[in-house]
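Hi,

Here is the structure I said I would pass on.

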Amino acid sequence: MDLENPVTEQMSEERAGEQLWTAVDRYISERLLVSDPALDAALQASASAGLPAIAVSPNQGKLLYLLARIQGARSILELGTLGGFSTIWLARALPADGALLTLEVDPRYAEVARENIAGAGLADRVELRVGPALDALAQLDAENGGPFDLIFIDADKQSIPEYFQWALKLSRRGSVIVTDNVIRDGSLLDAGSEDPRVLGTRRFHDLLAGESRVNATTIQTVGLKGYDGFTLALVEEPA
Ligand SMILES: C[S@@+](CC[C@H](N)C(=O)[O-])C[C@H]1O[C@@H](n2cnc3c(N)ncnc32)[C@H](O)[C@@H]1O
């Protein structure tokens, strides 16, 4: 402990912790993930196009893939496409006649994602709709869309509670809803926060606490994406 400067000491401990999480993430992916040219190309194309590096990590992508396989998902809804990295992981879990619908507000990101999805050979089972997810969800409901076997909520965080309510509406008994980035470096606990993303994740947990139609837990995670977490919910009774 640096008694002269405890703040500097704490910062260097935090940095060391983050470096360790990243090294362990790399250790895991080197052993459990095979080299994947389509996913590597998707990340490369996203970076070259200037998209922010906020896709799920490769190990988290594999988790999504495994959850979709375990669920036997034939229909998947994703909110927040970015460059299509998580889309590719999820779509790969589908059978040949399965379908994934992904929603993205930014047309430039959507264009990059479309190319990445086509490059991964998945254009036949992925539909990408461009526009605000809340509008797309209302439209989907009006079309009698769903129910989806698995829903991945990974768009803007302030709207998570509204997205979750839509997800419940577009579910069946036994659907799985995964919601990402709900811990946010622990700021979830900050009752005084005015950050709309933190408010969104707090409202979300309050909603879950009073929602008997789902069985849910939130898991904290560390890794190359830092300290965060996701919520896994099983729909017992759709809305
Ligand atoms: C965290 S990124 C998604 C990452 C992606 N799921 C992955 O792991 O590869 C969030 C995405 O949600 C999109 N987004 C933000 N607000 C949105 C909205 N209102 N409707 C739809 N998409 C939105 C952003 O443009 C961004 O591409």
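**Around Asp 154**

The side chain of Asp 154 makes a polar contact with the side chain of Lys 157, at 2.7 Å. By polar contact I mean a pair of N or O atoms within 3.5 Å; within protein, one must be able to donate a hydrogen and the other to accept it, and residues adjacent in sequence count only if both atoms are side-chain atoms.

Before I go on, the ground rules. This is a predicted model, so local features need pLDDT of at least 70 and side-chain atom pairs count only at pLDDT 80 or more, while totals for chains, interfaces and linings use all residues. Residues are numbered from 1 along each chain as its sequence is written, and side-chain values use heavy atoms, with hydrogens and water left out.

Back to Asp 154: you'll find it in the loop between E4 and helix H7 (160-169). Helices (H or I, at least four residues) and strands (E, at least two) are DSSP runs, numbered from the N terminus. Asp 154 is buried, with a relative accessible area of 14%. The cut-offs there are under 20% relative accessible area for buried, over 50% for exposed, and partly exposed in between, with a 1.4 Å probe and protein chains only. Leaving aside neighbours within four places in sequence, Asp 154 is in contact (heavy atoms within 4.5 Å) with Val 56, Leu 79, Gly 80, Asp 180 and Asn 181. Take Gly 80 from that list: 74 residues separate it from Asp 154 in sequence, but the C-alpha atoms are 5.0 Å apart in space.

**The sheet**

What is the order of the strands in the sheet? Reading across, it goes E3-E2-E1-E4-E5-E7-E6, seven strands in an open sheet with mixed pairing. Two strands pair if DSSP finds at least two bridges between them. Strand E3 (126-130) and strand E6 (214-223) are the edges, each pairing on one side only. From one strand to the next, the twist averages 15 degrees.

Helix H3 (residues 58-71) lies across E1, strand E4 (148-153), strand E5 (171-180), E6 and strand E7 (226-235), and runs at about 175 degrees to E5. For those angles, axes are lines fitted to C-alpha atoms, for helices over the stretch in contact, and angles run from 0 to 180 degrees between N-to-C directions.

**Strand E1 and Ser 75**

E1 (residues 75-79) runs parallel to E2 (residues 99-104), and five bridges join them. Leu 77 stands opposite Leu 101 in E2, and Leu 79 has Leu 103 as its bridge partner there. Five of the five residues of E1 are buried, so the strand is largely enclosed by the rest of the structure. That covers both faces: Ser 75, Leu 77 and Leu 79 on one side, Ile 76 and Glu 78 on the other.

Ser 75 itself is buried at a relative accessible area of 15%. Not counting residues up to four places away in sequence, Ser 75 touches Leu 94, Ala 99, Pro 147, Phe 148, Asp 149 and Leu 150. With Pro 147 there is a polar pairing too: the backbone oxygen of Pro 147 lies 3.4 Å from a polar atom of the side chain of Ser 75.

E5 and E7 run antiparallel, joined by five bridges, with Ile 177 partnered by Ala 233 in E7. E6 and E7 are also antiparallel, over ten bridges; Val 214 has Val 235 as its bridge partner in E7. A hairpin joins E6 to E7 through two residues. Seven of the ten residues of E7 are buried, so E7 is largely enclosed by the rest of the structure.

Most residues other than glycine have a negative phi, and most peptide bonds are trans. The bond between Gly 146 and Pro 147 is cis, with omega about 0 degrees. Pro 147 sits in the loop between helix H6 (133-142) and E4.

Leu 82 has a positive phi, near 50 degrees, and is not a glycine. Leu 82 belongs to the loop between E1 and helix H4 (85-92) and counts as buried at 14% relative accessibility. Asn 181 is another non-glycine with a positive phi, about 65 degrees, in the loop between E5 and helix H8 (196-209).

Cheers
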